[in-house]
Amino acid sequence: MSDQHHAPTSRSKPPPPGEEEASAVLKLGEFQDVDTLTLSEASLVINALMTKRRKDRKDRNETDVLNKTLDYLDAFARFKQKENVEAVERLLSARKELTKFERAQIGSLCCDSADECKTLIPSLADKITDDELQELLDEMAKLMST
């Protein structure tokens, strides 16, 4: 028997995860300045695309993942009407002190109270007062009920 060293037979370890973190300080890495959508906006976009594909008879690419994504969005998108989705987007976009990620989270979670919202999105703590956040949440709630 020779004393030769063989190359390892196992796969190399996957690279460690990035520094992404959505806590009191947002660390979104390569996604830091990426445009984000609320679940309601994503639902509108994907459903519009699917409607166009079906109309053009190009619906051959409907995969199981796409259908599950649509089911998820149908279940969790809080705003169903296009006008309301657009109104929420305008409300959120007016809050320039918030990051795109934070605005999308607020628009997707639709919290009842400022305290709940700041608990789920800790990076909001020093960016917006409880009163201002509650006013924003109340305005959004009005759009949910119409």
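Read along the sequence, this protein chain runs β-β-α-α-α-α-α-α, that is, two strands and six helices, where helices (H or I, at least four residues) and strands (E, at least two) are DSSP runs numbered from the N terminus. Please keep in mind that this is a predicted model, in which local features need pLDDT of at least 70 and side-chain atom pairs count only at pLDDT 80 or more, while totals for chains, interfaces and linings use all residues. Residues are numbered from 1 along each chain as its sequence is written, and side-chain values use heavy atoms, with hydrogens and water left out.

Let me start with the chain as a whole. Of its 146 residues, 28% are buried, where buried means under 20% relative accessible area, exposed over 50%, and partly exposed in between, with a 1.4 Å probe and protein chains only. The accessible surface, computed by the Shrake-Rupley method with a 1.4 Å probe, comes to about 10600 Å², and 52% of that belongs to carbon and sulfur atoms. Among contacts (heavy atoms within 4.5 Å) with a separation of 6 or more, 61% join residues 24 or more positions apart.

Now to the interior. In soluble globular proteins, nonpolar side chains tend to be buried together. A nonpolar core here is a set of buried Ala, Val, Leu, Ile, Met, Phe, Trp, Tyr and Cys residues joined through side-chain atoms within 4.5 Å. The largest such core has 19 residues, of which F79, I106, C117, L124, L133 and M140 touch the most other members. Helices α3 (82–93), α5 (114–120) and α6 (130–144) each supply at least two residues of this core, and α6 gives the most, with five. What does L133 contact, once neighbours within four places in sequence are left aside? The partners are I106, A114, C117, K118, L124 and I128.

Next, a backbone detail. Most residues other than glycine have a negative phi. C110, in the loop between α4 (100–109) and α5, has a positive phi, near 50°, and this residue counts as buried, at 5% relative accessibility.

Finally, the aromatic rings, of Phe, Tyr and Trp (its six-membered ring), which pair if their centres lie within 6.5 Å, with planes under 30 degrees apart counted as stacked, over 60 as edge-to-face and the rest as tilted. By this rule there is one aromatic pair: Y72 and F76, tilted, at 4.7 Å centre to centre and 45° between the planes. Both residues lie in helix α2 (residues 64–76), four residues apart, about one turn of the helix. Y72 is partly exposed at 45% relative accessible area, and F76 is partly exposed at 44%.
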